[in-house]
Each structure stands twice: as C-alpha cells, then as structure tokens.
Amino acid sequence: MQTLVQAVRDWYTAVIAQWNRFWFSAIDPIVLSLIRICTGAMLLYTHLVWSRGLEAFFGDDAWIRPDVLKYLPPRPGAWEYFSSIHSPTLLWTVHIAALIVFAMLTLGLCSRVTSVLSFLCAVSYINRVPGAQFGLDDTEIMLAAYLMIGPCGACWSLDNWLKTRRATRQGRAGDSATRSAALSARATSSRTSDPGLLNPTYSVSANIAIRLIQLHMCLMYLFAGMGKLRGDGWWDGTAFWLAIANQEYQTLDLTWLHAHPYLVNFLTLATVFWETFYCALIWPRLTRPLMLLIAVIVHLGIGFGMGLMTFGLIMLVGNTAFLSPTLVRGMAARISRRRERAGQGSAAALTHQPRTK
Amino acid sequence: MAEILPHKTLTAGQGSAPVDLAQPRPLPAWLRMLLSVLIVAHLFAIVAAPLAGPPPASGLSQELIAPVLPYLNATYFNHGYRFFAPMPGPSHLIAYRLEMPDGSIREDVFPNAKTEWPRQWYHRHFMLAENLCGIWEVAQNAILERQANRPQAKMFVSEVQKDLDARVRSLANHLLKESGAERVTLTLRRHYLPDWRDIRDGKKLDDAEFFRTPLELQRLSGGREKFPVDLGTFTPADVAVDAKPPEEI
C-alpha cells in the first residue's frame with residue numbers, strides 16, 4: 001500500500017514539475033516579437049481593406065445595419081462600439097485611429113499598450129459585422145489576444161530601439177556605472193546580431209503567450225480535423241475535389257485534377273490526417289519540421305488556390321509559435337550579416353568607382 | 001514547486017538562444033498557483049467552445065459552455081473551427097434587381113469577384129451571402145420542426161425568421177440607399193458543385209445547370225430545396241428602420 005502511495009506521490013510531483021516547466025520557464029521573447037510583427041501587419045492590412053467601403057459595413061445603412069443586431073441569437077458578453085457611431089466623420093476618425101494603433105503594434109511602438117488596444121479594436125470591428133466574419137478573424141484575434149500577455153515588443157521594435165538610444169545617450173553623459181551598462185547592452189546587441197537593439201531578457205510571460213498560441217493552434221486543427229471526420233467526402237477521398245470545384249473560392253484552376261482521382265483521394269486523406277494529428281505530432285522534435293512543412297504547403301495552397309491568402313498567412317503566423325528561438329535568432333543574425341556585407345560591398349564599390357570624366 | 005529549469009532543457013521549439021540574455025527571477029509559488037488557475041480556466045473555456053457548437057453538440061457541452069459564454073463572446077474566442085467541415089458545400093450568391101427612378105433596370109450579384117477587390121473585400125461579401133443562406137436553412141429546418149409539433153419549435157421559428165427577415169431587409173435597404181433605386185428584388189442562388197465526371201465530360205463550373213436545384217434533389221428534400229429562392233421585393237418604405245416589425249418570410 002505504501003508503495004502505491006509513494007508511486008502516486010512521485011507521479012504528482014512529476015506532473016507539477018512538468019507543468020511548471022511547460023508554463024513558467026523563461027524564454028527568449030524573439031519568437032513572440034516575430035509574431036507581433038506579422039500579426040500587426042496582418043491586422044493593419046485586413047482592417048485597411050475595410051476602408052474600401054467603411055460605411056457599407058459599419059455605417060447606419062450598412063449591409064447589416066445596427067438595428068439588425070438585436071434580432072441575432074443572444075451573444076452574452078459580446079460588445080462593439082461601432083453601433084453607437086452615427087456620424088461618418090467620427091466613423092472614419094475611429095477607423096484611422098485603429099489603423100494607427102495596428103501600425104504602432106507592427107513597429108513595436110508602445111507595444112504593451114498598443115497590443116491591448118489592437119485586440120480591443122479588432123474585436124469591436126468583427127462583432128459589428130455578423131455574417132461577414134471568417135476563419136481569418138478567429139485566428140487574427142486569437143493571436144492579438146495572446147500578444148497582450150507577453151513582452152511582444154522586446155525585440156525588433158521601436159520601443160527597443162528607443163531604449164537603446166536612451167541608454168547610449170545616458171552612457172555618454174553619465175557616470176562610469178551607466179556607461180558600462182550601456183556598453184554591456186551594446187555588446188549583447190552585437191552578439192545577438194541586432195545592431196541598435198538593446199538586449200531583451202528571458203521572459204516567463206513570453207513563454208505563457210507562446211504556449212497559449214501553440215495550444216490554441218492544436219485545438220483549431222484538432223476540431224477542424226474532427227469536424228471533417230463527419231463528412232463522407234473526407235472518407236471517400238472526394239472532398240478535395242469539392243473544394244477545388246467551387247468557383248466562388250477558386251483563384252487557381254485545379255479542375256484538371258479530374259484526370260487524377262487517386263491524387264485527389266490522397267490530398268483529401270492527407271489533409272484530414274494532418275489536421276487531426278497535428279496536435280500530437282507537432283511536439284516531438286522528429287515530426288515537428290514535417291508538420292510545419294505541411295502547414296506551409298496547405299496554407300499557401302489555400303491562399304493561392306482558393307483566394308484565401310490572408311487566412312493562409314495568419315495560420316502560418318500561428319504556426320511560427322512552434323519555431324525555436326535559436327532558429328529565429330540564427331536566421332536574423334544571418335540576414336543581418338548579409339546586409340552588413342552588402343553594405344560594405346557597396347561602400348567599397350562606390351569608393352573604387354572609376355571616374356567617367 | 002519544482003525549480004525553474006534552465007531554458008536548454010525545455011521541450012522542442014522552446015530551445016535556448018545562444019546568447020546570454022538576462023534571466024528573470026523565478027516566479028513565486030503563489031503567483032504560479034494563481035496563473036495556473038487562470039490558465040486552466042482559459043483552457044477549459046476555449047475547449048468548451050468548439051465542443052458546444054456548431055451543431056450537433058451534446059447536452060453536457062451546452063451545460064459546460066454556459067458559465068464561460070460571456071468570457072468567450074467578450075474575447076471573440078467562441079468558435080467551432082469546422083473549416084470546410086463536415087463537407088465543402090456549394091456556395092451561395094445573392095442576385096439583385098434594381099428598378100431605377102428613370103425606369104431602367106440594373107441587375108447584379110454579390111459576391112462579385114469582378115467588382116469587389118481586393119480579394120478580402122470580395123470575401124466579406126461572399127460571407128454575407130453564405131451566412132444569409134445558413135440562416136435561411138435554419139429557418140427551413142425550424143419550420144419542419146414546428147410542423148412535427150416539436151416542443152419550443154414555434155418560438156424558435158419565430159426568432160430565427162425575425163433574424164432572417166431583419167437581415168434581408170437590411171441588405172435591401174443598403175442596396176436601395178447605395179443605388180438610389182425605387183425597388184429592389186433579392187434572390188438567393190446556390191451554386192452546386194459539379195462532379196469530376198461533369199468536368200471530364202466538358203461541362204464548365206459556371207454552366208447554368210449548376211445554379212438550379214436538380215429535380216431529383218427537389219424530390220428527395222420534399223420540395224424544401226428549390227433554388228433560386230425569392231427573398232422578396234422591397235421599396236424604401238418597406239425597409240426603413242423599424243418601419244415594420246420583422247416577420248416570417
């Protein structure tokens with residue numbers, strides 16, 4: 001009996017240790033910063049598109065005008081501020097302000113504040129247009145929500161650039177301690193190949209944000225896969241054909257696949273398998289690259305073939321949560337070194353330019 | 001509580017960067033406990049959402065989601081994530097006919113890839129048509145439920161048809177205001193998906209036959225599925241805000 005109790009106790013201790021390690025380890029916030037840039041840019045673009053006819057979706061005579069919202073099925077907790085805006089001038093002002101917020105988030109300016117504002121703005125837009133939402137909005141707002149949790153402006157941000165500049169200035173003017181701190185910041189900055197960007201710190205909240213994105217991506221794919229298991233076409237291998245034979249989605253004519261039914265069958269089954277097992281196979285080091293490679297193929301395929309490029313891209317942004325910080329930092333360093341070499345090369349070329357006269 | 005482990009020991013994807021970034025102090029146990037409770041509550045909510053909808057969903061799922069529904073709606077996390085499931089279905093379009101004050105007629109359809117660009121703008125219009133059809137289908141099914149004398153069906157029919165009617169009037173209002181037309185007629189069209197054999201035999205995706213419900217399908221659905229569907233003709237007086245309470249179509 002004592003052995004059993006001890007075994008249970010050991011198991012409990014191990015679970016708690018794993019839980020703490022999974023959620024509360026501190027990580028390099030570089031991946032979260034990358035997600036900030038991509039999500040911010042997507043938020044900016046997708047909301048800029050509303051400018052094409054802002055009043056057609058948010059005005060008093062919109063496709064779905066404000067008075068219709070009261071006939072919708074009850075949505076306790078749902079909120080938005082557009083219904084109370086009746087002046088076109090104010091509507092445009094609010095819209096432009098939101099675009100500025102999204103641009104600031106992308107650039108990493110006041111990122112702690114703009115991440116919260118971006119989330120609030122994005123939710124308000126989408127709750128005002130019931131019936132016009134699609135998968136893009138689900139993922140975009142999910143990412144915006146989790147960006148609020150961690151230091152998404154820790155790297156590659158104007159916040160960081162301004163912080164570095166301030167530290168350097170203080171270092172020049174200040175006492176020896178401040179100077180040495182500024183020098184240390186610069187040294188780390190050069191080691192991380194982030195010239196001009198102050199070193200970030202490892203962060204527990206960045207880890208929590210990344211973990212939540214990872215789990216949410218798993219959840220999305222799992223239910224997308226399980227939902228498909230109810231459809232005969234995903235079993236008999238014809239569902240992929242139905243997707244490419246839909247003219248309203250089609251941006252690339254793949255109907256020539258009618259001559260290759262087995263290929264259609266394979267693509268159908270591969271999609272279901274990948275979506276259903278993503279939540280398990282994305283974690284082991286061995287299968288993760290394969291799952292990410294398939295994600296790139298599937299989402300770019302959806303983007304180019306079905307005209308859902310924004311949806312495809314935002315899903316890929318969600319997948320970047322599974323990239324290792326080492327890889328991201330290594331790639332950034334390589335790009336930075338290449339840029340430096342190119343800069344030196346062009347400077348040298350300018351110096352040695354033969355005179356024409 | 002376990003000691004916070006060095007970053008290098010983490011699972012895949014959380015590997016350490018080869019730079020000596022500053023390490024924060026480990027979180028105190030009480031904070032980890034509090035955060036754990038919040039994380040578990042959040043995970044519970046985001047799992048409950050796709051379990052509870054779209055239909056079919058178990059009674060248990062419906063009960064589980066009830067307490068977290070306000071949180072899910074407020075954060076826009078209330079989704080089922082059934083992309084192209086259970087089957088990629090036919091798409092829907094709304095055709096409209098505008099009678100202009102000078103007696104001329106203008107006809108168009110949305111979504112319309114030729115006039116709605118960029119693609120995302122087209123897609124927003126596409127979703128409007130898809131969504132309207134979804135509600136139309138729910139209304140059709142609700143009518144059947146009422147005919148079968150199912151409990152609560154009558155109230156549900158009334159609610160869903162008010163929703164449908166309000167949306168149709170809103171679309172009509174928008175088209176009238178935007179064009180200055182005196183009258184608009186709306187038609188819901190379904191674009192059926194051709195079989196691969198159809199394309200092999202030389203048919204095109206936009207052949208007229210793919211916009212009409214096949215007779216066999218009409219028979220099988222007991223006449224319920226019969227596209228195109230006439231959504232009605234409206235004048236500006238019909239669609240004014242609260243000019244007339246929404247009613248069954």
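In strand 2 of chain B, B:Glu107 is the bridge partner of B:Arg97. Helices (H or I, at least four residues) and strands (E, at least two) are DSSP runs, numbered from the N terminus. The structure is a predicted model, in which local features need pLDDT of at least 70, side-chain atom pairs count only at pLDDT 80 or more, and totals for chains, interfaces and linings use all residues. Residues are numbered from 1 along each chain as its sequence is written, while chains are lettered from A and ligands numbered from 1 in the order in which they are written.

Strand 1 and strand 2 (residues 105-110) of chain B pair in the antiparallel sense over 6 bridges. Two strands count as paired if DSSP finds at least two bridges between them. Together, strand 1 and strand 2 of chain B form a hairpin, with 5 residues between them. In the turn, B:Gly103 has a positive phi of about 90°. Strand 1 (residues 91-99) of chain B is also joined to strand 3 (residues 183-191) of chain B, by 9 bridges. These two strands run antiparallel. Here B:Glu99 has B:Arg183 of strand 3 as its bridge partner.

Chain B as a whole has 8 helices and 4 strands. Along the sequence they follow the pattern α-α-α-β-β-α-α-β-α-α-β-α. Of its 249 residues, 30% count as buried. A residue is buried if 20 or more other C-beta atoms lie within 10 Å of its own, exposed if 12 or fewer, and partly exposed in between, with C-beta atoms placed from the backbone. Among contacts in chain B with a separation of 6 or more, 59% link residues 24 or more positions apart. Two residues are in contact if their C-beta atoms, placed from the backbone, lie within 7 Å.

The contact between the chains takes 85 residues from chain A and 78 residues from chain B. On the side of chain B that touches chain A, helix 4 of chain B supplies the largest share, 10 residues. By class, this side has 46 nonpolar, 20 polar and 12 charged residues. Ala, Val, Leu, Ile, Met, Phe, Trp, Tyr, Cys and Pro count as nonpolar, Asp, Glu, Lys and Arg as charged, and the others, Gly among them, as polar.

The largest nonpolar core has 125 residues. Such a core is a set of buried Ala, Val, Leu, Ile, Met, Phe, Trp, Tyr and Cys residues joined through C-beta atoms within 7 Å. Helix 9 (residues 204-228) of chain A gives the most to this core, with 12 residues. A:Ala122, A:Ile141, A:Ala209 and B:Ala172 have the most contacts inside the core. Leaving aside residues up to four places away in sequence, A:Ala209 touches A:Leu32, A:Tyr146, A:Leu147, A:Ile149 and A:Gly150.

In helix 13 of chain A, the buried residues are A:Met291, A:Ala295, A:His299, A:Ile302, A:Gly303 and A:Met306. Seen down the helix axis, they fall within an arc of 120°, so they line one face of helix 13. The arc is that of the directions from the helix axis to the C-beta atoms. Exposed residues A:Pro289, A:Leu293 and A:Ile297 sit on the face turned away from the buried side. Helix 11 (239-244), helix 12 (261-281) and helix 14 (309-319) of chain A are among the elements that cover the buried residues of helix 13. After helix 13 comes A:Gly307, with a positive phi near 70°.

A:Arg329 lies in helix 15 (residues 325-351) of chain A. A:Arg329 is buried, because 23 other C-beta atoms lie within 10 Å.
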